[in-house]
Amino acid sequence: MGEAIVITSGKGGVGKTTTTANLGAGLAKAGMKIALIDADIGLRNLDVVMGLENRIVYDLVDVVEGFAKLKHALIKDKRFENLYLLPAAQTRDKTAVSPEQMRELVGQMKEEFDYVLIDSPAGIEQGFKNAVAGADKAIVVATPEVSSVRDADRIIGLLEAQEKHKPFLIINRIRASMVKKGDMMDIDDMIEILAIELLGVVPDDEFIVVSTNRGEPAVLNPQSKAGEAYRNITRRLQGENVPMMKLDDDSGFFNRLRKLMGFKS
Amino acid sequence: MFDLFARVFGREDASKDVAKERLRLVLVHDRASLSPQALENLKNDLLKVISEYMDIDDEGFRVDFSRHDESMALVANIPIRSVKRTSV
């Protein structure tokens with residue numbers, strides 16, 4: 001019996017889909033059997049981030065409505081044969097499925113996969129409720145900004161009200177140079193405010209844009225800093241004790257010089 | 001660079017401290033927010049208890065959250081029609 005984890009945030013644009021794609025690819029690379037569910041009905045994106053947009057035949061709503069079998073709707077990843085995606089419907093809206101239907105679907109998928117990762121839509125309404133319904137655990141993604149932290153706090157409150165396992169936090173897009181100047185909240189500030197367990201910290205990394213352009217998760221790139229952070233998170237999810245990555249400030253003069261000259265910082 | 005200079009000489013707070021302070025306040029409010037239904041129930045319960053001691057105007061009865069600097073308060077405005085006389 002596998003485990004279902006929902007990736008959520010409240011606020012849009014903080015990196016839920018990127019996180020889902022990277023954790024999925026990272027866990028699959030580690031040999032786990034993984035299914036990703038895009039629960040953002042009407043605004044699907046996990047397919048493009050994974051580079052699988054050309055293979056969609058059926059979607060989540062087709063499966064829930066009994067129009068397609070689950071095994072026919074699941075898209076096999078190009079890189080890993082133990083990684084699958086259940087895409088969201090693009091021409092429907094979130095009322096097309098109910099929390100009960102999601103609970104049943106996720107329960108069915110857990111029998112077959114080690115992890116079922118559910119990419120939640122932004123917001124706190126039905127799309128969020130659907131995404132959370134079948135999950136055993138929740139990961140809250142937040143960036144070190146006032147609006148994101150506020151929304152994360154709201155989501156944490158809602159998850160706790162549902163008596164789920166206390167959610168885990170991923171701090172995304174942290175910038176060491178700004179933290180150093182006191183212009184960005186650091187890890188301790190975020191934990192102090194949100195009071196939940198930290199699962200990982202992902203540095204702001206331009207490579208994420210490149211990786212999304214190409215549809216290849218950054219976790220598979222050994223040079224990417226964000227990729228390294230995601231690899232650490234996948235190991236933590238599997239129960240390993242991995243220390244938090246040191247955030248390098250590469251904005252200084254010598255660091256820039258070193259980079260220019262081709263030394264790895 | 002000027003920012004850093006200004007900060008070293010204590011002229012400006014690091015902006016993350018401003019962020020934290022603002023968040024702390026706004027979250028107290030967010031977290032304490034009762035649903036309109038719960039607030040209505042609270043109001044009715046208060047009304048019941050206070051009515052045992054005095055005659056109050058339930059039309060003008062208001063209960064709301066209020067924030068003063070760093071603390072939160074539940075503020076009730078209860079117009080009194082008359083205080084019941086004790087028979088002792």
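Residues are numbered from 1 along each chain as its sequence is written, and chains are lettered from A in the order in which they are written.

**Chain A, overall**

I checked the radius of gyration, taken over C-alpha atoms, and chain A has 18 Å, which agrees with the value near 18 Å for a compact globule of 265 residues; the globule rule is 2.2 Å times the number of residues to the power 0.38. The C-alpha trace of chain A spans about 60 × 40 × 35 Å along its principal axes.

**The sheet**

I then listed 12 helices and eight strands in chain A, all being DSSP runs numbered from the N terminus (helices H or I, at least four residues; strands E, at least two). The eight strands form an open sheet with mixed pairing, in the order 3-4-2-5-1-6-7-8, and two strands pair if DSSP finds at least two bridges between them. Strand 3 (75–76) and strand 8 (197–203) of chain A are the edge strands, each pairing on one side only.

Inside the sheet I followed strand 2 (residues 34–38) of chain A, which pairs with strand 4 (residues 83–86) of chain A in the parallel sense over four bridges; A:Leu36 has A:Leu85 of strand 4 as its bridge partner.

**The contact with chain B**

I next looked at where the chains meet, and 12 residues of chain B are in contact with 13 residues of chain A, contact being C-beta atoms, placed from the backbone, that lie within 7 Å. Helix 2 (residues 15–32) of chain B gives the largest share of the side that touches chain A, 10 residues.

**Confidence**

Last, I noted that the mean pLDDT (the predictor's confidence in each residue, from 0 to 100) of chain B is 77, with 68% of its residues reaching 70 or more. Within chain B, helix 1 (residues 2–8) has the lowest confidence, at a mean of 54, and strand 1 (residues 54–56) the highest, at 88. Where pLDDT is low, the predicted coordinates should not be read in detail. The model scores ipTM 0.81 and pTM 0.80.

Technical notes:
This is a predicted model: local features need pLDDT of at least 70, side-chain atom pairs count only at pLDDT 80 or more; totals for chains, interfaces and linings use all residues. Two residues are in contact if their C-beta atoms, placed from the backbone, lie within 7 Å.
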